[in-house]
Amino acid sequence: MNSAKLDSRSTSGEVNYKAALLKKLRESTTGLNIEYVLASGEKRRRIYLDSTASTLQLGIVRDVMRKYMPYYSNTHTNVHFGAKLSTREFEWAHNMVLSFVNADPEIYTAFFVGSGTTGGINRIARTLREKRPDKKVVITSIMEHHSNDLPHRRNFEKVVHIPTVTSSNELGCVDIGRIEKALKEYGDSVNYVSVTGVSNVTGIINPIYDIAELAHKYGTLIVVDAAQMAAHVPIRIGGHDNPNRDLDIVALSGHKIYTPASPGVVITRKELFEGIEPVEVGGGMVDDVHTNRYLPTKNFPDREEAGTPNIAGAIALATVLCALQKIGMDFIDDEEEKLIRYAIEQIEKIDNVIIYGNTNPQEVRRTGALSFNIKEFDHSLTAAILNDYFNISVRNACFCAHPYVREMITDQLSEYSEELSNEELESLAELHRGMVRASFGLYNDEADVDALAAALREICDNREFYINNYHQVACGDFQHNSFKFDSVPIFSVQQEVDRWFIS
Ligand SMILES: Cc1ncc(COP(=O)(O)O)c(C=O)c1O
């Protein structure tokens, strides 16, 4: 949602109130002011630009969990006080998730899964394979994280990878026209269409509700990987005026929504997980067990939560969702869109830095992340310098999205195809077989972007100095010739345990 829309809906008093809540949340972030000694010997505050991998913890999680933990107990019984309390809060956590994504509890259920979105998508793929065994094709896109690609490959005979739209020679969001073509081609054999809401490489936002409408028009299902969406843009799984725009299943990761140590989540229409045996079995999901048979419960979410779930992590995640909902995801989306636009503007001004994907905000919307390279500079060298000299934490390489990164790099190299020989092109491709990604959370601001832009300018202006201070090691990473980082004096669990007993 853009500012104009936001302003037309919210009074200035409301906007000020939301801005004040957001400020409080930002300022409470754990680890924002952490300092490290750098290669120059100087000590500086870290600038955390790696939120796409994992966000930092918000203070509200810390504070609420500190109050909850004295009462902690396993759920699955209502006999004692602690269990009653935990059971109530765990149920509240499920309802909070449903409310956060605008899902009607009569139609949808939310359940927590072990390992982030990856756990969720594996569960979805296995379940839908069993539920709809005649439908052996999945349509996904080239821009997916491996977690929204390999589970489909593992479980289905055919996975179709839809390319992205190209305009002004730059790659944008997934090509809806090509999705329709594939839906026509594979007809009734399509089990579901599964796309990411937001790319973890470029931050490009996909038109998921248009894709849902299309999938439903052709009688199939829509699954959305919301790993990169949930912290940044509103998710409306249900309640659209046109019900064909509703989503069938969404998966997301708590650790990407400001809650380290929290589980993944699947939100699904209940009917899709009914009528078959749950793919994970064990305690907590059965009504009765004999030595020769067992009866899985029909109740959601219990039937999908075999074993003891990560109760504390789920409650922590719901705490954050509740806080974000208080501010409003439309408001947060609007703030973050301003930041990403600012980041693109500032970085585009630097000669010799290429941002991947379409950067025209009129053509594609982005949130949360952008990836770039300094021309003729290895991505891992750029990332190492940003860390060692500027205390800017970024990530580099292919971000578990190899096909997409490869496509972007090839696309960008085609610009040079007439000027360079094949050999030169190949060596450029080798150099740029990855990218550097800067990604943002609600705690980042324009000053962080300015620091990144200034650092990139400095690297471009003093290439030789930095190159001469590094050597490449066997895994391809770059290491400083003399500066070494040792984490143990700063923090080690072993040390903390030893200290705890003597203090
Ligand atoms: C778009 C996307 N999907 C899925 C995943 C996998 O998430 P997790 O590692 O929490 O399972 C990621 C992780 O970065 C991602 O960015």
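The protein splits into domain 1 (3–52 + 328–480) and domain 2 (61–326), with bounds that come from an automatic or database domain assignment. This is a predicted model, where local features need pLDDT of at least 70 and side-chain atom pairs count only at pLDDT 80 or more, while totals for chains, interfaces and linings use all residues. Numbering runs from 1 along each chain as its sequence is written.

Taken over C-alpha atoms, the centres of the two domains sit 28 Å apart. Their contact draws 34 residues from domain 1 and 29 residues from domain 2; residues count as in contact if their C-beta atoms, placed from the backbone, lie within 7 Å. On the domain 1 side, these elements give two or more residues each (helices are DSSP runs of H or I, at least four residues, and strands are E runs, at least two, numbered from the N terminus):

| Element | Residues |
|---|---|
| Helix 2 | 12–27 |
| Strand 16 | 369–374 |
| Helix 12 | 402–413 |
| Helix 10 | 329–348 |

That side divides into 16 nonpolar, nine polar and nine charged residues (Ala, Val, Leu, Ile, Met, Phe, Trp, Tyr, Cys and Pro are nonpolar, Asp, Glu, Lys and Arg charged, the others, Gly among them, polar).

Now for helix 10's other partner. Helix 10 packs with helix 14 (residues 446–461) at about 20°, axes 10 Å apart. Axes are lines fitted to C-alpha atoms over the stretch in contact, with angles from 0 to 180 degrees between N-to-C directions. So helix 10 is roughly parallel to helix 14 (angles under 35 degrees).

Terms used. Parallel < 35°, antiparallel > 145°, perpendicular 65-115°, else oblique. Contact = placed C-beta atoms within 7 Å.
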